[in-house]
Amino acid sequence: MRAVIRRNKQLVCDEIADLKPEAGQVLVRTLACGICGSDLHALHHMEHMIDLTRRAGGMGAGFDPTADTVFGHEFCAEILEHGPGTTGALKAGTRVVSVPATLTPAGGVELLGFSNTLPGGFSERMILSEAMLLPVPNGLPTDKAALTEPFAVGAHAVAKARLEPNSVVLVVGCGPVGLAVIAGLKARGHGPVIAADFSPRRRAAAERLGADVVVDPAIESPHARWEGFGVPTARAAQNMVRMMGGTFGRPIVFECVGSPGVLQSLIEASPAGSQIVVAGVCMETDRIEPAIAITKEIELTFVFGYTPEEFAATLHDIAEGRLDVGDVVTGKVGLDGVAQAFKDLGDPEAHVKILVEP
């Protein structure tokens, strides 16, 4: 079967061995798979990425980042064949999504998209675990079902925020992660939501997904909007409001950029007492000045991934229309177009999210 393989830090469309499901597994046909920002980074920096992950206690020693790897962990697929020991509760032809991890008969786990053994979604077929399959609710288009994984990331970030009913929220960075956060906030009735990004296309996407205010940081600081929504930025001003009997919600900032220097800039500019939820994955050594965060009593919360429950809830929120995935998908390619799609995604004005349809 055909797949797009990361080989020698290049993407090569080639043939790989056919797959056979083992105990508890199912063979599926990949219908659509999103290209994630982590895929873009891993193409050229997989070794560094895996080193950091292992230092954090993730990914087993068996994965070789220099060996052939088939990316793709944001997928919707169709069941083709059941392996031994499966129940067959979901019949062949059923469209499904899954947390991108496959259980092995030996008791191990293969992380799809970051495995030397099993291919991810940039392939015609995949092996999934029957126990983790979620059927796509009737009528939900495949391209929207494939967005379950990235929007679950946003749902998890929102769940980690200590939001109050009157909290004002700032989302910095409106790439796929920031957009998923905005959608997650609006799905749960939170607002006002201020969204900031230098890209006109991303700002437009943020507005479509429900951001109440959209700011171009090249023209104005998004932090200039706090006072207008009743949030004093200085500790002294906050104390005065409280002494006068006034109230305001905890200011929440979502950092969805993941570049060096962004976190420090937010520590300096955010209102005192803010919670900064760090959802952008900075893969480089960064520098912050703790004394400023301490003086302002800034709370830093680092988030990653999602729980299985959040993944399942996200699928149903999308299917029921509670979670608006809008026009996030801006392009679709076959396997032969994946290498060019990776290049196109380097320009935020070209695309927001590209789906691969093997």
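Asp-317 is buried, at 9% relative accessibility. That is the starting point for this report on a predicted model.

## Asp-317 and its two arginines

Asp-317 meets Arg-188 in a salt bridge, with 3.2 Å from N to O. Asp-317 sits in helix 9 (residues 308–319), while Arg-188 belongs to the loop between helix 4 (176–187) and strand 11, so the pair ties together parts that are 129 residues apart in sequence. Arg-188 is partly exposed, with a relative accessible area of 44%.

Asp-317 also forms a salt bridge with Arg-322. Here the closest N and O atoms are 2.8 Å apart. Arg-322 counts as partly exposed, at 45% relative accessibility. Side chains of opposite charge can pair when their charged atoms come close.

## Other charged contacts

How many salt bridges does the structure hold? There are 19. One of them joins the side chains of Asp-68 and Arg-7, at 2.8 Å from N to O. This pair links distant parts of the chain. Asp-68 lies in the loop between helix 1 and strand 4, and Arg-7 lies in strand 1 (residues 2–7), 61 residues apart.

Asp-68 is partly exposed, at 35% relative accessibility. Arg-7 is partly exposed too, with a relative accessible area of 26%. Asp-14 joins Arg-7 and Asp-68 in a network of salt bridges.

| Salt bridge | N to O distance |
|---|---|
| Asp-317 and Arg-188 | 3.2 Å |
| Asp-317 and Arg-322 | 2.8 Å |
| Asp-68 and Arg-7 | 2.8 Å |

## Aromatic pairs

The structure holds four aromatic pairs. One of them, Phe-71 with Phe-342, is stacked: the ring centres are 6.5 Å apart, with 10° between the planes. Phe-71 lies in the loop between helix 1 (37–55) and strand 4 (74–82), and Phe-342 lies in helix 10 (residues 338–344), so the pair ties together parts that are 271 residues apart in sequence.

Tyr-306 and Phe-311 make a tilted pair, because their planes stand at 40°, with ring centres 5.6 Å apart. Tyr-306 counts as buried, at 17% relative accessibility. Phe-311 counts as buried, at 2%.

Phe-71 and Phe-342 also belong to one aromatic cluster with Phe-114 and Phe-122.

An open sheet of six strands runs in the order 12-11-10-13-14-15, with parallel pairing. Which strands stand at the edges? They are strand 12 (213–215) and strand 15 (299–302). Each has a single partner strand, so one side of each is left without a neighbour in the sheet. Neighbouring strands of this sheet are turned by 20° against each other on average, direction ignored.

Within the sheet, strand 10 (residues 169–172) and strand 11 (residues 193–196) pair in the parallel sense over four bridges. Val-172 stands opposite Ala-196 in strand 11. Strands of a sheet pair through backbone hydrogen bonds, either parallel or antiparallel.

## Helix 7 across the sheet

Helix 7 (residues 262–269) lies across strand 10, strand 13 (252–255), strand 14 (275–278) and strand 15. The helix runs at about 165° to strand 14.

Which residues of helix 7 are buried? They are Val-262, Leu-263, Gln-264, Leu-266 and Ile-267. These buried residues pack against strand 10, strand 13, strand 14 and strand 15, and also against helix 8 (290–296). An α-helix has 3.6 residues a turn, so residues three or four places apart point the same way.

## A β-α-β unit

Strand 16, helix 10 and strand 17 make a right-handed β-α-β unit. Strand 16 (residues 329–333) and strand 17 (residues 353–356) pair in the parallel sense over four bridges. Val-333 has Val-356 as its bridge partner in strand 17. Helix 10 of this unit also carries Phe-342, whose ring stacks with that of Phe-71.

Key:
Residues are numbered from 1 along each chain as its sequence is written. This is a predicted model: local features need pLDDT of at least 70, side-chain atom pairs count only at pLDDT 80 or more; totals for chains, interfaces and linings use all residues. Side-chain values use heavy atoms; hydrogens and water are left out. Rings of Phe, Tyr and Trp (its six-membered ring) pair if their centres lie within 6.5 Å; planes under 30 degrees apart count as stacked, over 60 as edge-to-face and the rest as tilted. Helices (H or I, at least four residues) and strands (E, at least two) are DSSP runs, numbered from the N terminus. Buried means under 20% relative accessible area, exposed over 50%, partly exposed in between (1.4 Å probe, protein chains only). Two strands pair if DSSP finds at least two bridges between them. Axes are lines fitted to C-alpha atoms, for helices over the stretch in contact, and angles run from 0 to 180 degrees between N-to-C directions. Contact means heavy atoms within 4.5 Å. A salt bridge is a side-chain nitrogen of Lys or Arg within 4 Å of a carboxyl oxygen of Asp or Glu. A crossover is right-handed if, with the strands pointing away from the viewer, the path from the first strand over the helix to the second runs clockwise.
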